[in-house]
Amino acid sequence: MPSEETRTETRTDKTETLTATETRAVPGQASSTSSTRAWTTWTTRLLMLGIVLAAFNLRPAITSLGALLEEVRDGLGMSGSVAGLLTSVPPLCFAVFGVTAPRLARRFGPGAVVWAGMVAITAGLLIRPYAGGTAGFLAATALALMGIAVSNVLMPVIVKRYFPDRVGSMTGLYSMALAFGTSIAAAATVPVTNALGGGWQPGLAVWATLGVAAVLAWIPFVRHREAPQSASASASASAPERTADAPGGRGAGPAPEQPPLRITRSRTAWALAVFFGLQATAAYITMGWMAQIFRDSGVSAGTAGLLLAVIMVMGVPLAFVIPRVATRLPHQGPIVLVLGVCGLAGYAGLYFAPVGGAWAWALLLGISNCAFPLALTMVGMRARTGAGVAQLSAFAQSTGYLISIPGPLLVGVLYQHSGGWGLPITLMCALMVPQIVVGVLAGRDRTVEDEAGR
């Protein structure tokens with residue numbers, strides 16, 4: 001499979017010529033050309049900023065709660081099982097609402113849907129600490145998670161549509177921002193809560209301020225429904241699809257509208273969905289329970305938050321590196337294997353020496369958690385067209401999040417009934433084995449268009 005950089009180099013020198021040729025060939029296109037020039041200068045940069053800010057907002061709703069879960073449980077009178085249910089709400093919302101994202105994007109445009117998602121995140125984070133009672137807290141959390149769900153699904157679609165020649169690097173940038181937001185919320189929630197007087201309500205509500213910045217950044221893209229006809233998007237977007245479908249190249253023209261894929265017929269789609277689900281299970285168990293595991297082992301609340309932040313912050317550099325490496329490999333199985341072995345080692349260490357080697361286990365689990373940017377990258381690589389990526393992204397994420405729902409809840413039940421963390425950690429370790437297997441299958445060099453009959 002040609003690498004991302006190879007495709008970029010072969011198109012870069014042709015881009016300006018192609019754009020100029022198309023402009024001369026169509027009379028009266030001067031206004032369109034000026035619009036294109038405007039897009040390629042400031043609008044593209046603003047879109048990149050919007051992607052970063054959106055990614056930054058996709059996890060603080062979860063990791064800020066994990067850092068204060070004990071205080072929230074005490075304040076709302078939650079049992080361990082109800083707290084487990086609370087940690088299962090994210091994947092449930094992602095599965096239920098994520099599947100609607102492609103349809104909403106077709107109707108309103110992806111920019112409008114992401115903007116609405118940022119509004120929902122901001123409102124949910126602001127409301128939930130003061131909603132009153134467990135039911136109101138869950139409802140406001142679900143509102144925020146609904147916004148996260150549609151944005152989760154549409155980010156790979158937006159990257160494929162607007163940056164088709166930079167899927168690896170843009171996915172890395174997006175994943176790096178997501179990991180940074182995740183780790184900042186985990187590390188700063190307890191200190192910020194203490195600085196605001198020690199109450200958990202303002203400590204959770206303060207993260208709504210990040211959502212406001214994302215809402216503002218996405219306003220210019222509410223009405224953008226199509227990819228720009230520009231050197232950075234149009235020429236490069238059409239080139240890969242013409243290369244794949246009509247090797248004759250430039251004269252082939254845009255591909256005709258294709259009916260939806262029968263995505264459930266693709267073994268690769270199923271393997272990717274299960275891989276996504278198992279890595280999401282590990283991620284949401286980590287975000288929901290890991291700080292509590294360290295606290296129950298004798299670590300202070302502040303240090304436990306820092307350990308959780310270390311797990312998440314490992315995704316900042318690795319989320320940029322892994323997608324770029326993955327796009328250069330014909331098979332992503334070796335990366336899956338390395339991440340899985342790190343997870344097995346981290347859980348084993350957490351079982352036998354949770355305090356003595358806490359920082360080492362946090363590093364290993366942080367490396368293992370980088371299966372998420374790898375999964376996103378494979379979504380972009382396992383489909384040839386933007387429409388295929390949209391279908392695969394919705395299917396893999398919605399099915400995957402459905403698979404991940406029982407995990408955090410089961411951990412809460414096992415913890416409450418066993419009185420310790422031995423069984424939950426054993427469960428986490430056991431789930432890593434099938435994650436490796438299906439990840440290797442999902443990483444094979446093939447596309448869903450080849451497997452799913454239309």
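Start at Ile 219, in the loop between α11 (208-218) and α12 (234-245). Helices here are DSSP runs of H or I, at least four residues, numbered from the N terminus. The model is predicted: local features need pLDDT of at least 70, side-chain atom pairs pLDDT 80 or more, while totals for chains, interfaces and linings use all residues. Residues are numbered from 1 along each chain as its sequence is written, and side-chain values use heavy atoms, without hydrogens and water.

Ile 219 is partly exposed, because its relative accessibility is 44% (buried is under 20%, exposed over 50%, partly exposed in between; 1.4 Å probe, protein chains only).

With Ile 219 they form a nonpolar surface patch of about 270 Å² accessible area together. Patch members have over 30% relative accessible area and no salt bridge, with nonpolar side chains (Val, Leu, Ile, Met, Phe, Trp, Tyr) joined within 5 Å. Areas come from the Shrake-Rupley method with a 1.4 Å probe.

Next, the salt bridges (a Lys or Arg side-chain nitrogen within 4 Å of an Asp or Glu carboxyl oxygen). There are four.

Select Glu 71 and Arg 295. Their closest N and O atoms are 3.4 Å apart. Glu 71 sits in helix α4 (residues 69-76) and Arg 295 in helix α13 (residues 267-296), 224 residues apart. Arg 295 is buried, at 17%.

Move to Asp 450 and Arg 384, which meet at 3.0 Å, N to O. Asp 450 lies in helix α22 (residues 448-451). Asp 450 is exposed at 57%, whereas Arg 384 is partly exposed at 29%.

Finish at Arg 446 and Glu 451, bridged at 3.8 Å.

Key:
Patch = residues over 30% accessible without salt bridge, like charges linked within 9 Å, V, L, I, M, F, W, Y side chains within 5 Å. Helix = DSSP H or I, 4+ residues; strand = E, 2+ residues; numbered from the N terminus.
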